[in-house]
Amino acid sequence: MNEYDVVVVGGGAAGLSAALVLTRARRRVAVVDAGRPRNAPAAHMQGFLSRDGMPPAELLAAGRAEVTGYGGHLIPGTVHAITPAGPHGLHVRTEDGRLLVARRVLVSTGLRDEIPDIPGLAGRWGRDVLHCPYCHGWEVRDRPLGVLGGGPETVAHALLIRQWSDDVTFFSHGYESTPVERQRLRARGIRIVDGVVTRIVAVRDRLAGIELDWASMVAPHALFVRPRLVPADGLLTSLDAVVVDDRTGRTSTPGVWAAGNAVDPRAQVITAAGAGSAAAIDLHADLVDEDVRDALPFSAAQERRVAAILANQE
């Protein structure tokens, strides 16, 4: 059986939250997920009420168990394409050739973090090379912290990080900050180290050194880096689907909703979960409307049109 009321593409916080709402609404739901969550490198997840400090993998495992407990189907894999299939349906094709038929689709495929190509950086990502201070700031509070520069947004990042420590160093990484920016950094006691960072050094599985094009320095306890956030929105763009209602994730393509980092790169785990829930409620209401329309008897005019069509086919 490959026919579903809803196929959810992506089994992160947004997708599983939506699937939970929909399965509890007695809808037939499948969640297709490749098992490569964005926050896999992180040991813990913070800021999620009642789940603060839980490893991300445990949250997803609990979510999958809840969804399957209400009858939802989990399908491992990657969706290759979504195509319209008649006036009230969509075909969802996976890379391994599976075809799923859905009345509605929710795209919750997340995003990827594109980090600077500095030797040694990727190996520390999510450990002591960090991005979000709201996710990791408390755990490294009052320790020496560094911020990798590169653009105006990194200056703002350094000023933000200053809330968690009074020992912050801004590594410009080739960015020529303006006099006003340098004044703002120094006003908050943030040291500025000019030059390009050429390598991140780890010793005994700990951040140990930062090499620049002119010197080497002992590394701070943690280094904050602003990645380029790249939404995994290829399925949406292939459908020319854009979100037309930020509250619900409804898109311009009939039958398609979107939630989570695929359409809101700044969403944290708890925000993405809430967006998935909101999308599911709106999506279910749309299904109910369709169920009602399908249950209504034909009007006299509709019956005449159907009779004429059947007569012409004879």
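This is a predicted model: local features need pLDDT of at least 70, side-chain atom pairs count only at pLDDT 80 or more; totals for chains, interfaces and linings use all residues.

**Nonpolar cores**

The largest nonpolar core holds 25 residues, of which Val 6, Val 8, Val 29, Leu 106 and Leu 283 touch the most other members. Two or more residues come to this core from each of strand 1 (3–9), helix 1 (13–24), strand 2 (29–33), helix 2 (56–69) and helix 7 (269–295). Beyond its neighbours within four places in sequence, Val 6 contacts several residues, including Leu 22, Val 29, Leu 106, Leu 283 and Leu 287. A second, separate core comprises 20 residues, among them Val 9, Ala 30, Val 32 and Leu 236.

**Helix pairs**

The table gives the geometry of two pairs.

| Pair | Axes | Angle |
|---|---|---|
| Helix 1 and helix 7 | 7 Å apart | about 35 degrees |
| Helix 4 and helix 5 | within 10 Å | roughly 15 degrees |

Helix 1 crosses helix 7 in a right-handed sense. Residues of helix 1 in this contact include Ala 14, Ala 18 and Leu 22, and those of helix 7 include Ala 273, Gly 276, Ala 280 and Leu 283. By class, the contact has eleven nonpolar residues, four polar residues and no charged residues.

Helix 4 (residues 152–161) and helix 5 (residues 179–187) are roughly parallel, because angles under 35 degrees count as such. Their crossing is left-handed. Helix 4 contributes Pro 152, Val 155, Ala 158 and Leu 159 to the contact, while helix 5 contributes Glu 181, Arg 184 and Leu 185. Five of the contact residues are nonpolar, two are charged and none is polar.

Definitions and conventions. Residues are numbered from 1 along each chain as its sequence is written. Side-chain values use heavy atoms; hydrogens and water are left out. Axes are lines fitted to C-alpha atoms, for helices over the stretch in contact, and angles run from 0 to 180 degrees between N-to-C directions. Helices (H or I, at least four residues) and strands (E, at least two) are DSSP runs, numbered from the N terminus. Angles under 35 degrees count as roughly parallel, over 145 as roughly antiparallel, 65 to 115 as roughly perpendicular and the rest as oblique. A crossing is left-handed if the near helix is turned anticlockwise from the far one by less than a right angle, and right-handed if clockwise. Contact means heavy atoms within 4.5 Å. Ala, Val, Leu, Ile, Met, Phe, Trp, Tyr, Cys and Pro count as nonpolar, Asp, Glu, Lys and Arg as charged, and the others, Gly among them, as polar. A nonpolar core is a set of buried Ala, Val, Leu, Ile, Met, Phe, Trp, Tyr and Cys residues joined through side-chain atoms within 4.5 Å. Buried means under 20% relative accessible area, exposed over 50%, partly exposed in between (1.4 Å probe, protein chains only).
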